[in-house]
Number of protein chains: 2
Amino acid sequence: MKLKFAAKASSANPTKTVVTARNFQIIIDEPKDLGGTDDGANPVEYVLGALAGCLNVVGHVVAKEMNMPLNGLSIELEGDLDPAKFMGKSAKERAGYQEIRVKITPDTTADIETLGQWLAAIEERCPVSDNLQNPTPVKITLA
Amino acid sequence: MKLKFAAKASSANPTKTVVTARNFQIIIDEPKDLGGTDDGANPVEYVLGALAGCLNVVGHVVAKEMNMPLNGLSIELEGDLDPAKFMGKSAKERAGYQEIRVKITPDTTADIETLGQWLAAIEERCPVSDNLQNPTPVKITLA
């Protein structure tokens, strides 16, 4: 089975993008210190958000399979990137995040061995983690 | 120079995640047919949104550098994934998008050769496109 997901977007200005996915609207912008109008989180912050949302869903699916009690979780995420390539100043470093660090705090009574198995399964099965960690073809064409 | 971006998230329920990035809140959920409470776009739709936002910003940065007129753009994005791995039913296919297709419609008078150069530069320099197309280390730890 394959599921198709889709979104449409249009530029409200050079940094602000209005995205529609099903009946939801997503506002993306850049902060003022990156030249933006600061009307929303920026694209790479949304990448962290998408990863967090995915880890929550898969974390609960896997916990249920394992009969592991899970009353919720919190997640802290961060990543560093060098804006030089994106700004056209240098191409020495990659354009995107060089690394993404994620710290998960599960609300659970599970022991450490169970938690290790849980974490390994989540990382392996989370779609967003897969798309970041492994190459994903992005085919861009002009209309 | 390195810029750090960060986000915090907590589970409102097993499918709904509330993410905070700076002063912005992002609500992520799953549609009802994927077992969710449908309070927001889902994680993989946010991936498409993040890519769209990034292409808009970088598209305008590159157009300005090239002195290419650009009065805005619209973007359509789609991707397919097999939910079997994420749901724990099969591990034959990868967990995430197998391919992401993007169609950009720029509002411009530029000729086709200029547009080709513009598109190649965007794809190369967009941080989100880089993080999807090339391997990105994701280091997940338990608190």
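Trainee: What should I know about the model before I start?

Mentor: The model is predicted, so local features need pLDDT of at least 70 and side-chain atom pairs count only at pLDDT 80 or more, while totals for chains, interfaces and linings use all residues. Residues are numbered from 1 along each chain as its sequence is written, and chains are lettered from A and ligands numbered from 1 in the order in which they are written.

Trainee: How many helices and strands does chain A have?

Mentor: Helices (H or I, at least four residues) and strands (E, at least two) are DSSP runs, numbered from the N terminus. Chain A has three helices and six strands, in the order β-β-β-α-β-β-α-α-β from the N terminus. Its C-alpha atoms fill a box of roughly 50 × 35 × 30 Å along the principal axes.

Trainee: How are the two copies related?

Mentor: Two copies of a chain are related by a rotation about an axis and a shift along it. Copies are superposed by least squares on the C-alpha atoms of residues with pLDDT of at least 70 in both. Here a rotation of 180 degrees with 0.0 Å of shift along its axis puts chain B on chain A, with an RMSD of 0.0 Å. That is the relation of a two-fold axis. The same surface serves both copies, as 100% of the contact residues of chain B recur in chain A.

Trainee: How many residues does each chain give to the contact?

Mentor: Two residues are in contact if their C-beta atoms, placed from the backbone, lie within 7 Å. The contact takes 90 residues from chain B and 90 residues from chain A. On the side of chain B that touches chain A, helix 1 (residues 43-65) of chain B gives the most, with 17 residues. That side holds 49 nonpolar, 21 polar and 20 charged residues. For these classes, Ala, Val, Leu, Ile, Met, Phe, Trp, Tyr, Cys and Pro count as nonpolar, Asp, Glu, Lys and Arg as charged, and the others, Gly among them, as polar.

Trainee: At what angle do helix 1 of chain A and helix 1 of chain B cross?

Mentor: Two packed helices are described by the angle between their axes and the distance between the axes. Axes are lines fitted to C-alpha atoms, for helices over the stretch in contact, and angles run from 0 to 180 degrees between N-to-C directions. The axes of helix 1 of chain A and helix 1 of chain B come within 8 Å and cross at roughly 175 degrees. That makes the two helices roughly antiparallel (over 145 degrees). The contact between them has 12 nonpolar, four polar and no charged residues. Among the residues that meet there are Tyr46(A) and Val57(A) from chain A, and Tyr46(B) and Val57(B) from chain B.

Trainee: In what order do the strands of the open sheet come?

Mentor: Two strands pair if DSSP finds at least two bridges between them. Six strands form an open sheet of mixed pairing, in the order 3(A)-2(A)-1(A)-4(B)-5(B)-6(A). Strand 3 and strand 6 of chain A are the edge strands, each pairing on one side only. Strand 1 (residues 3-11) of chain A runs antiparallel to strand 4 (residues 73-81) of chain B, with eight bridges; there Lys4(A) has Asp80(B) as its bridge partner. Strand 6 (residues 138-142) of chain A runs parallel to strand 5 (residues 99-106) of chain B, with five bridges, and Ile140(A) stands opposite Val102(B).

Trainee: Is Gln25(A) buried or exposed?

Mentor: A residue is buried if 20 or more other C-beta atoms lie within 10 Å of its own, exposed if 12 or fewer, and partly exposed in between. Gln25(A), in strand 3 (residues 24-28) of chain A, counts as exposed because it has 11 C-beta neighbours inside 10 Å.

Notes
Angles under 35 degrees count as roughly parallel, over 145 as roughly antiparallel, 65 to 115 as roughly perpendicular and the rest as oblique.
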